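Please read these notes with the model open beside you.

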Amino acid sequence: MKGLVLEGGGTKGAYQIGAYKALRELGIEFQGVTGTSIGALNGAFIIQNDIEIMEDIWRNYDYSSFMNIDEDTYEKYKDLDFTAKSFNIVLELMNKARKNQGIDITPLREMLEKNINEEAIRSSNRDFGIVTVHWDKKFNPHHLYIEDIPEGRLVDYLIASASLPIFNLEKMDDKLYLDGMFSDNIPVKLLVDKGYNDIVVIRLMDDFIGNMNVNKFLDKGINITTIIPSEPLGGSLNKDKENIEKNMLLGYLDTMKVFKRYEGVKYYFNLDYKFDEDYCFNKFISLKKETIEYLCNSLGIKRDVSRRTLLENIIPKLGEVLNLPKEFSYKDLFYAVYEQKLQENGINRRQLYDFNKLVDVVHKNYKPNRESEEINEVHLITPIPKSKLPKVLTNQIISDFKNQG
């Protein structure tokens, strides 16, 4: 069975809407959905098959539709993130919350009561699970499936799952509930316990602990596809329209890339079968001897100018200079060389481009830079500043690629 897991993360959850739209466009269907905090709220709308309502809420409802706070307070806290660097601010807000002076989320309850169709969720024949925490001098985790939630109380439990400690918390059945992130912010286990073995996880951040918690299920034979934001999504309370639109688009683009519909490293390109691994490998091994010598000098590699040196020393170093992950392909490196030109010109990375056209434009507008000419003349008597290496090296490589035809 195929399941979907939605991480918690406040208004970063807009990313999941864009990602889910891409999944639906790809024809991928899920028999079960689990989520924590905002992931639980998004999951409820997915289960009741109301993606349009969910998208409208994210696009057109501002912060006042979720919280009763004035604009100055919103501006002060909208970029707050629940990380170590924000610890003092979060602690201050938590202390206010304990005194019932936290942020009032009555509008959130009203919005959910109006739009959540509990009957549709219960009769969907799909599994739905959420996570919350009961606080009683210690954290008491509650991992719940829809059948564990009393009828008529789904909204209560969704709010419990999303009750950040900075909110004005309401007791439920004389118990104080907190955000499920304090127990399990990425509830893969809820699906695994139901027998799911093919799971898509939509993250809202790229952190070591979260990745480790997801990857531990790979050892159990579970097929997991993880969609991770390719750039930070902003604060956990930021409901600015521009930020929401940006994150929704990013979720869509990242998902299409994960499922091999788009290509690129930092940018997004239409799938073009011309630029496969063999094509890119052949482009690099066809670099001229003069270019290999230039790259050796520029990178401080003191070895003979040979194809072996190119493959064993220069290629790995180029990957480092262009900030590629440790395990990268020739195709990744080829794309990164041309993407460097987009970065130098400040081209928006959150758009879809045609890579073949990019190559043509770069070749057409290529002009040797002064640094390259000087280095060729003096054979690198003075090392290139580290900040200039990406531009200088990619210019030299592109010049060679252009001449290869």
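1. On a 1 Å grid over the protein atoms alone, a cavity is a set of points where a 1.4 Å probe fits but cannot get out, and its lining residues have an atom within 4 Å of a point. Grid points are joined across faces, edges and corners, and a volume is the space filled by probe spheres set on the points. The model is predicted, so that local features need pLDDT of at least 70 and side-chain atom pairs 80 or more, while totals for linings use all residues. Residues are numbered from 1 along each chain, and side-chain values use heavy atoms, without hydrogens and water.

2. The structure holds 1 cavity of 30 Å³ or more, and the largest cavity contains about 330 Å³ of space. Its lining has 22 residues, with Thr 11, Ile 38, Leu 41, Phe 66 and Leu 108 nearest the centre.

3. Helices here are DSSP runs (H or I, at least four residues), numbered from the N terminus. At least two lining residues come from each of α2 (38–47), α3 (51–60) and α6 (106–115), and α2 gives the most, with 4 residues.

4. The axes, which are lines fitted to C-alpha atoms over the stretch in contact, with angles from 0 to 180 degrees between N-to-C directions, come within 8 Å for α3 and α11 (residues 241–258) and cross at roughly 140°.

5. In contact, meaning heavy atoms within 4.5 Å, Glu 55, Trp 58, Arg 59 and Asn 60 of α3 meet Lys 241, Ile 244, Glu 245 and Met 248 of α11.

Methods:
On a 1 Å grid over the protein atoms alone, a cavity is a set of points where a 1.4 Å probe fits but cannot get out, and a pocket is an open set with protein on both sides within 12 Å along at least five of seven lines; lining residues have an atom within 4 Å of a point.
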